[in-house]
Amino acid sequence: MEAIQSILNWFSQNILQNPAFFVGLLVLVGYLLLKKPAHEVFAGFIKATVGYLILNVGAGGLVTTFRPVLVALATKFKLEAAVIDPYFGLAAANEKLTEIGYIDVATTALIIGFGVNILLVALRKLTKVRTLFITGHIMVQQAATISVFVLILIPSLQGKFAALAVGLICGLYWAISSNLTVEPTQRLTGGGGFAIGHQQQFAIWFVDKVAPFFGNKEENLDNLKLPKFLNIFHDTVVASATLMIVFFGIILTILGPEIMSNAELIGAGAYIPAKSFFIYVLQTSLTFSVYLFILMQGVRMFVAELTNAFQGISSKLLPGSFPAVDVAASYGFGSSNAVLSGFAFGLIGQLITIALLVIFKNPVLIITGFVPVFFDNAAIAVYADKRGGWKAAVILSFISGILQVALGAVAITLLGLVGGYHGNIDLVLPWLPFGYLFKFIGTAGYVLVCLFLLLLPQLQYAKAKDKEAYYRGEAQAE
């Protein structure tokens, strides 16, 4: 038994929690099942792994560029508040789990949850689940936050079955929420062969349904008629660089060279007083565009390999299954400006709501975090623009920003967290309502949430006019 536990722990820590190698392993297995020549198997493994590592560099760079600005804002204006960001949320969740003596639950729950996801896909004819959630670092973050939801709000589940209770509901959430994104993502990508396994699956499903009511898909961001001199903004690099020059220019000017030169506070990206502050602002702004470009390049590399290789896994091991991958994989299929529009209008929604929290003296002050404001709202804009054009992209990403802050403040109060909360849109909707069910009706609420999750793919399947097309993930006429 100890040997099996050691193997599972090694796999969890080195592969499952390391998505680059997990994706590479899936590609390797997929190509072997397709009986590809050895050199193609090797090349596929390398390209998928390197592609994901490139994506990580881009995503990590975006976060690294933005986070010191948040720290500087909090310091300058003496904001003692909670940051809505999954990394801050992970730290706050781990602190809470340590406090109640269940810090190890999340790791075990992650392995159990992944097993539950595999089982649900293997029994797809019964469960109607088609997606395998493979974004390991997201699973780590969510396992910790969901552990807090379950164990803090349902004390009766604290005990020897705590990890099982958390793992079961994690697995259900990962499998069923990603299953909701199959048709929207197939529609967006023109049959790309993957789903989304990240932090906004419920939001993607909802946006795909309501976006047509907000606008016309023909009036999308690519077709938006701009004055001739503004056509340069159809280029992603130009648009992102310009937006960031304005965005960072305003914020860094407000903060000033004195606070941005505090190396102890800012870290490696601190301003050096001997140099021009204007050039420092310009370089910080353009660095954001560099990392966004890197992220897109990584996405193209690993998605191409994973999509091809997963045909082997889908046909041999888990028939009819789709890999649920990082939401950034969707960015290359939508309008080139949707990502930036989602970020900008989601941020505006967040900042307005934060101002209202201050005005009305809310006991919990929220500081915006980069991951929710960028990845959630960018994804919402990409999917909304595809279905409802630029109006849907603007309105829905703006509403998302409002909800992230307002409901994030409620979630922090509910869970009693200090310093941060996960913040992503799915972790406020639907997880905040789930939390209140846990709080008020305890174990019965837990059972109701599990049944609700299991019911969703059944409803999806029942609504599908072509049952075989459902398993192929084909977006059907509505």
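Start by selecting E40 and K36 in this predicted model: the two form a salt bridge, and their closest N and O atoms are 4.0 Å apart. Colour by accessibility and E40 comes out as partly exposed, at 34% relative accessibility. K36 is partly exposed too, with a relative accessible area of 35%. The structure holds six salt bridges, so let's visit some others.

Next, select E305 and K47, whose side chains meet in a salt bridge at 3.2 Å, N to O. Zoom out to see what this pair links: E305 sits in helix 13 (residues 277–316) and K47 in helix 3 (residues 38–76), 258 residues apart. E305 is buried, with a relative accessible area of 9%, whereas K47 is partly exposed at 40%.

Now move to E183 and R130, a salt bridge with 2.7 Å between the closest N and O atoms. E183 belongs to helix 9 (residues 182–189) and R130 to the loop between helix 6 (124–127) and strand 2 (131–133), so the pair ties together parts 53 residues apart in sequence. Both E183 and R130 are buried.

For the last stop, show helix 8 (residues 162–179) and helix 17 (residues 443–463), which pack at an angle of about 25° with their axes 10 Å apart. That angle makes the two helices roughly parallel. Their crossing is left-handed. To see the contact, pick out residues including L168, L172 and I176 of helix 8 and V449, L453 and P457 of helix 17. By class, the contact has 13 nonpolar, two polar and no charged residues.

Conventions:
Residues are numbered from 1 along each chain as its sequence is written. This is a predicted model: local features need pLDDT of at least 70, side-chain atom pairs count only at pLDDT 80 or more; totals for chains, interfaces and linings use all residues. Side-chain values use heavy atoms; hydrogens and water are left out. Axes are lines fitted to C-alpha atoms, for helices over the stretch in contact, and angles run from 0 to 180 degrees between N-to-C directions. Helices (H or I, at least four residues) and strands (E, at least two) are DSSP runs, numbered from the N terminus. Angles under 35 degrees count as roughly parallel, over 145 as roughly antiparallel, 65 to 115 as roughly perpendicular and the rest as oblique. A crossing is left-handed if the near helix is turned anticlockwise from the far one by less than a right angle, and right-handed if clockwise. Contact means heavy atoms within 4.5 Å. Ala, Val, Leu, Ile, Met, Phe, Trp, Tyr, Cys and Pro count as nonpolar, Asp, Glu, Lys and Arg as charged, and the others, Gly among them, as polar. Buried means under 20% relative accessible area, exposed over 50%, partly exposed in between (1.4 Å probe, protein chains only).
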